[in-house]
Amino acid sequence: MAAMASSTFFFFLLCLTVTAKKTYIVHMKHQDKPLSFETHKDWYSSSLQSLTATPAESLLYSYNAAFNGFAASLDPEQAEALSKSDSVLGVYEDTVYNLHTTRTPQFLGLDAESGLWAGHNTQQLEQASRDVIIGVLDTGVWPESKSFDDSGMPAVPAKWRGECESAPDFNPKFCNRKLIGARSFSKGYRMASGGGGIYKKPGEIQSPRDKDGHGTHTASTAAGSHVANASLLGYASGTARGMATHARVATYKVCWETGCFGSDILAGMERAIEDGVDVLSLSLGGGSAPYFRDTIAIGAFTAMEKGIFVSCSAGNSGPTKATLANVAPWIMTVGAGTLDRDFPAYAVLGNKIRYNGVSLYSGRGMGKKPVGLVYSKGNSSGSNLCLTGSLDPALVRGKVVLCDRGTTARVEKGAVVRDAGGVGMILANTEASGEELVADSHLLPAVAVGRKVGDLIREYARSEPNPTAALVFGGTVLDIKPSPVVAAFSSRGPNMVTPQILKPDVIGPGVNILAA
């Protein structure tokens, strides 16, 4: 009778598995582990046995260092049943977090002989950071970059317990005395992609290699080695370097094609803590949430308790108020500011007025002779945004096209203009982007301008019978005043979780930064 009841119960559970499964993070009472279980992982697996016929497959991660609990693949009914256990503090559906995307050392005073702090010169500061290990949770790393050259660096600190994973496109030998660790975490992402979805997408295999660029950029910004004669197509030329050139880098790839999943982030933080990092750096986030529901805040709290400094980006959702991410008091929340460096470019209209903008375009240019200027001339309502297929080649061929910023990528708009026969582009901000200017390496002569200037050029293009424009590029200019200025995209306060605590804590250079 008991066996029949048991088989009926498991048949019922198997029927439940037809419901789409999701990843849940389960917070357990750590001290409740029965003595009969050797490890907490064994206990967690046992907790799942009554819910699923395949507990080993359902258990994605077991957390001990960063969090007390586990991540599991469950359907909503199973998650609800698990939440009723006396040993369970909470069951939370996995959260998707998003990435927050040569002059800086001098601007911050890190190259001055007097150093950043009185009484400490540059050599002393570099010596102090020599054995500091920075764990970067992001999109991975491109290890061949010169920013990770280890020339002149001493042996890896004896306290280091990490490693470099082997993958079809990543040889552990890529790691050295600068890049001392590289791991990847993708179980949460694979689960959200349909169970193994990562293997179905061409070019994205489970590997620490960075296929996006964001992780390599942030890692080299933090601790990249000196790279002489660096520039972006001639712009921002000089010696590129990280802020702590003698520190070590360990990368933890937790972000994939569709985002950064909380279960993977927590696993990365757990591994980084166990590996022995001194600093955790995360340029990703997902808005504000109660701390007990915020994966990053939970992992950061444990890291803080173990003496690890945690620095996180404030977010890129400004200038709207109350858009901050990573606001926990034990996290250093960093907003984005400008440098005293600019890449000026100018739009000279047929009425002889020259408007200031920015650009990193490095091609031949379009010459000094003005050509026709067109705005919102196309086959659809999206022509003002220069969306794919929206421009009429008969109307834009040989002309400069005025494009509104938004909806599609900035450089992509230039490709649309070029493909329609246009010879140049003025990228004009709208109310959403305000006066924030981002210099891009465009595919054709192009100048980005703020909203106020954009409105003036839009009015000129509409009212003038035969509007014309010429685009001029000014290279790299230093000592821009005032600086720093908070970037328009940098997320703003107030702190909606704990209003009494002001966030962000500081701003750092975060606009037009040259890095690996």
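A residue is called buried here when its relative accessible area is under 20%, and exposed when that value is over 50%. With that in mind, and remembering that this is a predicted model, begin by selecting helix H13, residues 451–463, whose buried residues are Val-453, Gly-454, Ile-457, Arg-458, Tyr-460 and Ala-461.

Next, colour the chain by pLDDT, for which the mean over the protein is 86, with 90% of the residues reaching 70 or more. Residues 1–18 stay under 50, and the model has ten contacts for them beyond four places in sequence. A further stretch with pLDDT below 50 covers residues 196–200, which has 13 contacts in the model beyond near neighbours in sequence. Where pLDDT is low, the predicted coordinates should not be read in detail.

Now select helix H4, residues 76–83, where Gln-78, Ala-79 and Leu-82 are the buried residues. Viewed down the axis of H4, these buried residues fall within an arc of 100°, so they line one face of the helix. Show the surroundings as well, and you will see that the buried residues of H4 pack against strand E1 (22–28), helix H2 (40–49), strand E3 (69–74) and strand E4 (88–93).

Move to Thr-139, in the loop between strand E6 (133–138) and strand E7 (179–184), which counts as buried at 5% relative accessibility. Its side chain makes a polar contact with the side chain of Asp-210 at 2.8 Å, and a polar atom of the Thr-139 side chain lies 2.7 Å from the backbone nitrogen of Gly-215. Among the residues in contact with Thr-139 is Lys-211, and selecting Lys-211 brings up a salt bridge to Asp-169, with the closest N and O atoms 3.6 Å apart. This pair links distant parts of the chain, 42 residues apart, with Asp-169 in the loop between E6 and E7 and Lys-211 in the loop between helix H7 (187–192) and helix H8 (214–223).

For another salt bridge, select Asp-275 and Arg-183, whose side chains meet at 3.0 Å, N to O. Asp-275 belongs to helix H9 (residues 262–275) and Arg-183 to strand E7, 92 residues apart. Asp-275 counts as buried at 0% relative accessibility, and Arg-183 likewise counts as buried, at 9%.

Finish at Ser-359, in the loop between strand E19 (354–358) and strand E20 (371–375), which counts as buried at 1% relative accessibility. Its side chain reaches the backbone oxygen of Ala-446 at 2.7 Å, while a polar atom of the Ser-359 side chain lies 3.0 Å from the backbone nitrogen of Tyr-361. The residues that Ser-359 touches include Tyr-235, Phe-343 and Asp-440, and Asp-440 in turn meets Arg-410 in a salt bridge (2.6 Å, N to O). Arg-410 lies in helix H12 and Asp-440 in the loop between strand E22 and strand E23, so the pair ties together parts that are 30 residues apart in sequence.

Technical notes:
Residues numbered from 1 in each chain as written. Predicted model: local features only at pLDDT ≥ 70, side-chain atom pairs only at ≥ 80, totals over all residues. Heavy atoms only, no water. Buried < 20%, exposed > 50% of the residue type's maximum accessible area, 1.4 Å probe, protein only. Helix = DSSP H or I, 4+ residues; strand = E, 2+ residues; numbered from the N terminus. Arc of directions from axis to C-beta. Contact = heavy atoms within 4.5 Å. Polar contact = N/O pair within 3.5 Å; in protein donor to acceptor, adjacent residues only side chain to side chain. pLDDT = per-residue confidence, 0-100. Salt bridge = Lys/Arg side-chain N within 4 Å of Asp/Glu carboxyl O.
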